[in-house]
Amino acid sequence: MNDIISEISLLYELSLSIGSSLEFKKAAEGFVKILLSRKNYQHAAIYTSNGSVDPYASDHYSIQYEYPIKIKTHVEQLKSNYTLIHHLQKERFINVDLKENQYPEVCKETKGDYAIFKLSDIGFMVIYSQKESRFSSIELNKLSSVIEKFGVSLKACLLYELSKKQIERIDSVSKFPKQNPNPVFRISKQGNILFFNDASKPLLDELAINEKNLFDTPLKEIVDRVLQEQKVLDLEVNAKGTDYALSFTPIKEYGYVNIYGKDITSIKQATATIDKQKVFYENILNSLPTDVVAFDHQHRYTFINPVAVKNQEIRQWLIGKTDFDYVKEKNKPIKIAEQRREKFNNAKNTQKQYEWEEKVINQKGEIEYHIRRLSPVFDLKGHLQMVIGYGIDVTKLKATELELLKAKNIAEESMHSKEIFLANMSHEIRTPMNAILGMSKLLEDDPLSEKQKKYLNTIQQSGENLLVIINDILDFSKIESGKMTFESASFNINTLANTLIDSLQYKVSEKDVALYAQIDASLKDFNIIGDPTRLNQILINLLSNAIKFTKKGNIILSIVPLRETHNNVTLQFKVSDSGIGIEKEKLDHIFKSFSQAEDGTTRKYGGTGLGLTITKQLTTLQGGKIWVESTLNKGSDFYVELEFQKEEIPLSLDLKSPQKNKTQEALLINKRILLVEDNKINQFYASSILEKYKLKIDIADNGQIALEMAQKNTYDLILMDMQMPVMDGLTASKKIRQDLKLDWPILALTANAIRGDDQKCLDAGMSDYLSKPFEEKDLINKIITLLNL
Amino acid sequence: MNIHTRSIPEVLAQIEKLSPSKDDVLQFFIGEKNTIDIPKLIDELNKKNLRFYGGVYPSVIYKGEHSDKGLTIEKITSPNNPIVVQMKEGSIKLPTLNFKDKNSTLLCLLDGLSAHIAHFLDELYNTYSDSCTYIGGGAGYLDFVQKPCVFTPQGLVQDAAILFVIPTKSSSGVKHGWEELKGPFVATETEKNTIHGLNWVSAFDVYKEVVEEDSGKTFTQNNFFDLAKAYPFGIKKDYEEFVVRDPLLRENQSLICIGAVPKNSVLTILKGNKKTLVDAARQAAIQGLSKRNKNVNHCLIFDCISRVLFLGDDFKDELGVVLEELKEKNLDHIIPNGVLTLGEISSFGDGGKLEFFNKTIVVGIL
């Protein structure tokens, strides 16, 4: 009796452990652990069909719970056609005979005993006992009755969990419209609000207060219409300063309308801003005085401003069309469209701005010129976005340009005339001067009376003064016309200065004036690179002035290096005199053109008044500076600062004396010279010099005669005048070189001191040149050099 | 080796004598009245690079004696290191252990006063199930105040269990000798180890009625355990001995036991006497030795402290019968070593679900 009570109470305990939880795992755990503990079984596993856990799953069976998990006596998944499933349809439980194990997939152990119980219609439970004795049928029956209930409770758990999941899913789905940041609400056929989310509140509040303010027609009518037409209706409304786009969507089967809204305030604001900007830019484009158009990639107009096409209708019509449509419509030549297309393709293909001038005939039949420009615009990927076209009417500009061109030509012509005039002047003046000075020089060698010598001296002085004036005027005009150039030659400043001082000594020989140079000793050690002629000119001008204005005392040329680097040296030249000096007030003016300290100076001391102006120009054009410090009646100090490149003097350099020696002169004897010169006085002057050195001379009166003579005779050298009748010196020289193929040295005797003549001579094949009027020694030296003596 | 000392140098000297090899792990059982400085001992052992574990128990057993001041050291050969696991509610992550072909024993020394023992043992069995046999016992102090009581080289801890795999399969005998007095009673209201209700009325009322009637004594304010130690509860199991639950304290109308009492479990009030208990000890020894009497190295005894409290001086007979049975099997060279515990751990026989027992003797033969 007590045993039965014990049995029952044990079953009671097991039964009460059923349904301890609605959670499957807890419910299973509560029962299985008690079962294993009280019955001393080793393992239990609960299989359920997947379909009972998830209605969308396969119909396989898998383990939902087992204890202890360590004992893996099963396979994870069993197919629904597994024999065991089939057997359990008929039996409440199966005691597995391990000797003929039909279910090795779930009963892996070889010792002990297995019992498999059906769990309602959700699956089955496998129990394993390690005991050697098998389950008794009484035990299995007792367990079966309890496990049957357990199965039902587990089914309830599964259903509960399933429904919980479903509820969660529905709940989460239902949160979508609730959480939607946009208004969502639902209105019944009767016009009642059935659902609304938080975002709808401002709209619905407005609806409650003032429906008219929100919709033009009553909401009820809108709902009716939407339901009747079964079509989505889109409306835009404003509630409390917010703009909404509302979509009334009919839900036919339930007879209500869902309204999906969207806050479009920012979009509207953005659109308004864009519109405003559009107007702003269009205003700018439209008010531009140029044609502005835009094309798509197929050369179709996408924008045209009113300057490009005045007529608004045509403008609108042209959008989306091409120039071919335009010329067809306007009966204009198709060539215009073809040309424009060609330019468009050019800009598009080269990806570069393209500009050209288009000549068109306007409605009045007048010719107009337009500058057109096409600018292709590409996106970040390099695809053509559009081409912007600009056009500007340049007809008037074109006319002005033509006028200007004409004026320029005239000006150039006049300039050219001036140059020719200057050249001619130079030639015309120098030629007689050459004769005057040359002849008077030759006359010196003849026996003259004291009176004659005095006359001759006056002639020579006046001639030299006149030559200085002429040279000043020519230099000045050269500077004025910007044609002054400077050469770069290497020279020694020490030598230059000393030679200069020596050459001027004669001018002070009759005065009580000492002229000398003070040169910094370091300057002997290197040459400088610059224009020695122009430097000489600067210093002569200053020294000549000093000599001119100093009656007694000293005139000193001092040269010191002010700044010196490895490559460059800045020299300061100072010409000090103890002459009449300059008044303070006049100091500012003395470097100006045609200015001397006193108006009467020119008359008293001579000169053009251009000397200092030229000196200043020559200094500043070489990057230097010039100034004067002076005290009236005490004297003046003229300063010049110039920078030069330095050049070391090569030790082996053979410094040739500018003076040719007697041996060289002796070699001149019997050399045959052809003198080409039209001017009889000059013929006489030149031949007088040449004869003095026992040279043989033939004279040709012009280039033509010279050519003939050159063909007949052989000469060692030709002296060639430039300006001659019949054939000038340049032409004759060219022909001697090119036609006669003669390589005799040709020395040009040029009166043209205008820049460019030197180069012209060399270009014509001449060997060297000598400006007229020339001095005897210069001519002889040139000849010696050219004959390589 | 049993030594009555609390001197660390002396302990270390004794260890020298044992001359443990690298393959040996030292097992320390320390009686609760032995006041050795355990953290310091751990430090010293660590300095010597020794592998060890141990527990503080109400008393230690060595040969036929037990002592609450004693300290026993036993050398157990195993390649495995003892592992400490924290006992707690919820999921407990247990390590993968090195069990060889199910021929291993998992020794488990745990804090006998932890509230998480039942759950921990459930998890233990769930994880290792039949890969090994289990033996062990609850450590702690008889004043029932929870204190750190188990240790490894990592330190002395509480609310923890030490797991140590011995590469030998053990054979255990589990018996208690308590017999049915009255039942069944359904534990209608319980909470872990507290029984609030029996048969839908307050637990103490039911218990009191049965115990007072049988003993002829009356429960007073202060004598609960004196009377209750002779009347434990048994949880009914099919085909096996009751799992005994020792009512330790009374709290109002509720009874607090060592070990969990599941709700709706069927309980019986048990009663024992010297003979049945000592017989049970013999049966346990016989059961343990029945499957294993060759290549025996150790005889480990986990015996409930409350059996000592019940048997008093006669407890020496309980240990005596174990010695007799060892001698019977010609294993008298094997010196039983063990502890008096706060709860015993074993699986019934060679397998089956792991249980936490009270008032039971577990004799493990290794």
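In this predicted model, strand E27 (residues 746-750) of chain A and strand E28 of chain A pair in the parallel sense over four bridges. The bridge partner of Thr750(A) is Ser771(A), a residue of E28(A). Both strands belong to an open sheet of five strands with parallel pairing, in the order E25-E24-E26-E27-E28 of chain A.

- Helix H21 (residues 703-712) of chain A lies across strand E24 (672-676) and E25 of chain A, and its direction is at about 160° to that of E24(A).
- Helix H22 (residues 729-738) of chain A lies across E24, strand E26 (717-721) and E27 of chain A, running at about 150° to E26(A).
- In the loop between E26 and H22 of chain A one finds Val726(A), whose phi is near 70°, a positive value in a residue other than glycine.

**The antiparallel sheet of chain A**

- Another open sheet of five strands has the order E8-E7-E11-E10-E9 in chain A, and here the pairing is antiparallel.
- Strand E8 (193-196) and strand E9 (233-239) of chain A are the edge strands, each pairing on one side only, while the twist averages 25° from one strand to the next.
- Strand E7 (residues 184-188) of chain A runs antiparallel to E8(A) and is joined to it by three bridges, and within this pair of strands Ile187(A) has Ile193(A), in E8(A), as its bridge partner.
- Helix H6 (residues 201-209) of chain A packs on the sheet, where it touches E7, E8, E9, strand E10 (242-251) and strand E11 (256-263) of chain A, and its direction makes about 80° with that of E9(A).

**Helix pairs in chain A**

- Helix H2 (residues 24-39) and helix H5 (residues 137-179) of chain A pack at an angle of about 160°, with their axes 9 Å apart; because of that angle, H2(A) is roughly antiparallel to H5(A).
- The crossing of H2(A) and H5(A) is right-handed, and the contact brings Phe24(A), Ala27(A), Ala28(A) and Phe31(A) of H2(A) together with Phe150(A), Ser153(A), Leu154(A), Cys157(A), Leu158(A) and Glu161(A) of H5(A).
- By class, the residues of the contact of H2(A) with H5(A) are eight nonpolar, one polar and one charged.
- Helix H15 (residues 493-508) and helix H16 (residues 532-549) of chain A pack at an angle of about 35°, their axes being 11 Å apart, and H15(A) passes H16(A) in a right-handed crossing.
- From H15(A), the residues Leu496(A), Leu500(A), Leu504(A), Lys507(A) and Val508(A) meet Pro532(A), Leu535(A), Asn536(A), Leu539(A), Ile540(A), Leu543(A) and Ile547(A) of H16(A); this contact comprises 10 nonpolar, one polar and one charged residues.

**The contact between chains A and B**

- In the contact between the chains, 23 residues of chain B meet 22 residues of chain A.
- Helix H3 (117-128) and strand E14 (179-186) of chain B each supply at least two residues of the side of chain B that touches chain A, and H3(B) gives the most to that side, with five residues.
- The residues on the side of chain B that touches chain A divide into eight nonpolar, eight polar and seven charged.

**Cis peptide bonds**

- The peptide bond from Gly183(B) to Pro184(B) is cis, with omega near -5°, and Pro184(B) lies in strand E14 of chain B.
- The peptide bond from Tyr67(A) to Pro68(A) is likewise cis, with omega near -10°, and Pro68(A) is found in the loop between strand E2 (61-67) and strand E3 (77-78) of chain A.

**Confidence in chain A**

- Chain A averages a pLDDT of 85, and 94% of the residues score at least 70.
- Over residues 652-660 of chain A the pLDDT is below 50, and this stretch has four contacts in the model beyond near neighbours in sequence.
- Where pLDDT is low, the predicted coordinates should not be read in detail.

Key: Residues numbered from 1 in each chain as written. Chains lettered and ligands numbered in written order. Predicted model: local features only at pLDDT ≥ 70, side-chain atom pairs only at ≥ 80, totals over all residues. Axes fitted to C-alpha atoms, helices over the stretch in contact; angles between N-to-C directions. Parallel < 35°, antiparallel > 145°, perpendicular 65-115°, else oblique. Left-handed = near helix turned anticlockwise from the far one by under 90°. Contact = placed C-beta atoms within 7 Å. Nonpolar A, V, L, I, M, F, W, Y, C, P; charged D, E, K, R; others polar. pLDDT = per-residue confidence, 0-100. Pairing = 2+ DSSP bridges.
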